[in-house]
Amino acid sequence: MRSGRNAFIFDLDGVIVDTAKYHYLAWKKLADRLGIFFDETENEKFKGVSRQKSLELLLQSGGVSASESDFNQWMHEKNEDYLNLIQDMTEDEILVDVKKVLDHLKERGQGVALGSASKNATLILDRVGLTSYFEVIIDGNKVSKAKPDPEVFIKAASGLNVSPEYSVVFEDAIAGVEAANRAGMYSIGVGDTETLQHAKHVVKDFTELTLPFLDQLIDRE
Ligand code: B16
Ligand code: MG
């Protein structure tokens, strides 16, 4: 007999808050400086991907090689620019209906976790005042393998003591949807249906996550 408790695991950037646009601006600034072409389409490949892996992708696409110290310096510069961009974030930047969903899951006694590749995740959650909703937080500081490896979601579900089959993941990134699928979890893509075609279900944003739909997820056998 099931306890009725499922794990609901949220990605951060692009799902809870729209920091994806700040990541884009910070990468774009570095790409311009290094003379590498970078646009919003290229940026899709960076979503959900770790900082280090993102820089590797950027340098590869521009055919630029870097010494270890250049590499570390560029990662540092990108992060400094990103931190500047997010420094004035407030709860106004929480994406539409995210709180409605979190409140409902809490009311129904569900496990709620964060599964983010970002090393800045706890800072952002604090800034927008959402930390207390998350029983478990797995971020870029707690994993050794980046999405699409399932490690981040497996650790989040295990922290909540829920098996993957009763875990639901909300993701805006191709790599994140793949990670959730590889973990054997129910993936919900947040964004464009075409881009997130491998998700089990896709919503444009959380306005489409109705309470009856959430109840169906909670009560599924
Ligand atoms: P940081 P998520 C990811 O967060 C972002 O989508 C990705 O663009 C970023 O490179 C990565 O975090 C690392 O972020 O540089 O802050 O450690 O979408 O998994 O919440
Ligand atoms: Mg994301």
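Modeller: Around ligand 1 there are 18 residues, of which the closest are Asp13, Ser116, Ala117, Ser118 and Lys119; a residue is taken as near a molecule or strand when one of its heavy atoms lies within 4 Å of it. This is a predicted model, in which local features need a pLDDT of at least 70 and side-chain atom pairs count only at pLDDT 80 or more, while totals for chains, interfaces and linings use all residues. Residues are numbered from 1 along each chain as its sequence is written, chains are lettered from A and ligands numbered from 1 in the order in which they are written, and side-chain values use heavy atoms, with hydrogens and water left out.

A polar side-chain atom of Ser116 lies 2.7 Å from an oxygen atom of ligand 1, a backbone N or O atom of Ala117 lies 2.7 Å from an oxygen atom of ligand 1, and a backbone N or O atom of Leu12 is placed 3.2 Å from an oxygen atom of the ligand. On its own, ligand 1 has 460 Å² of accessible area, and the protein covers 98% of that; such areas come from the Shrake-Rupley method with a 1.4 Å probe, and for residues only the protein chains shown count as cover. A polar contact, as the term is used below, is a pair of N or O atoms within 3.5 Å; within protein, one must be able to donate a hydrogen and the other to accept it, and residues adjacent in sequence count only if both atoms are side-chain atoms.

Helices (H or I, at least four residues) and strands (E, at least two) are DSSP runs, numbered from the N terminus.

Strand 1 (residues 7-10) runs parallel to strand 2 and is joined to it by four bridges, with Phe10 standing opposite Leu114. Strand 3 (residues 136-138) also pairs with strand 2 in the parallel sense, over three bridges, and there Ala113 stands opposite Val136. Between strands 2 and 3 the chain passes through helix 6 (residues 121-127) in a right-handed β-α-β crossover, which means that, with the strands pointing away from the viewer, the path from the first strand over the helix to the second runs clockwise.

In the segment before strand 1 lies Asn6, which counts as buried because its relative accessibility is 0%. A polar atom of the Asn6 side chain lies 3.0 Å from the backbone oxygen of Ile218. Leaving aside neighbours within four places in sequence, the contacts of Asn6 (heavy atoms within 4.5 Å) include Gln110, Gly111 and Tyr166.

Beyond its neighbours within four places in sequence, Glu171 is in contact with residues including Asp11, Val15 and Val190.

Strand 4 pairs with strand 5 in the parallel sense over four bridges, and Val169 stands opposite Ser187. Helix 8 (residues 174-182) carries the chain from strand 4 to strand 5, again as a right-handed β-α-β crossover. Strand 5 pairs in turn with strand 6 (residues 201-203), in the parallel sense and over three bridges, where Val190 has Val203 as its bridge partner.

Lastly, a backbone detail returns us to Lys147. Most residues other than glycine have a negative phi, and most peptide bonds are trans. The bond from Lys147 to Pro148, however, is cis, with omega near 20°, and Pro148 sits in the loop between strand 3 and helix 7.

How values were computed
Pairing = 2+ DSSP bridges. Buried < 20%, exposed > 50% of the residue type's maximum accessible area, 1.4 Å probe, protein only.
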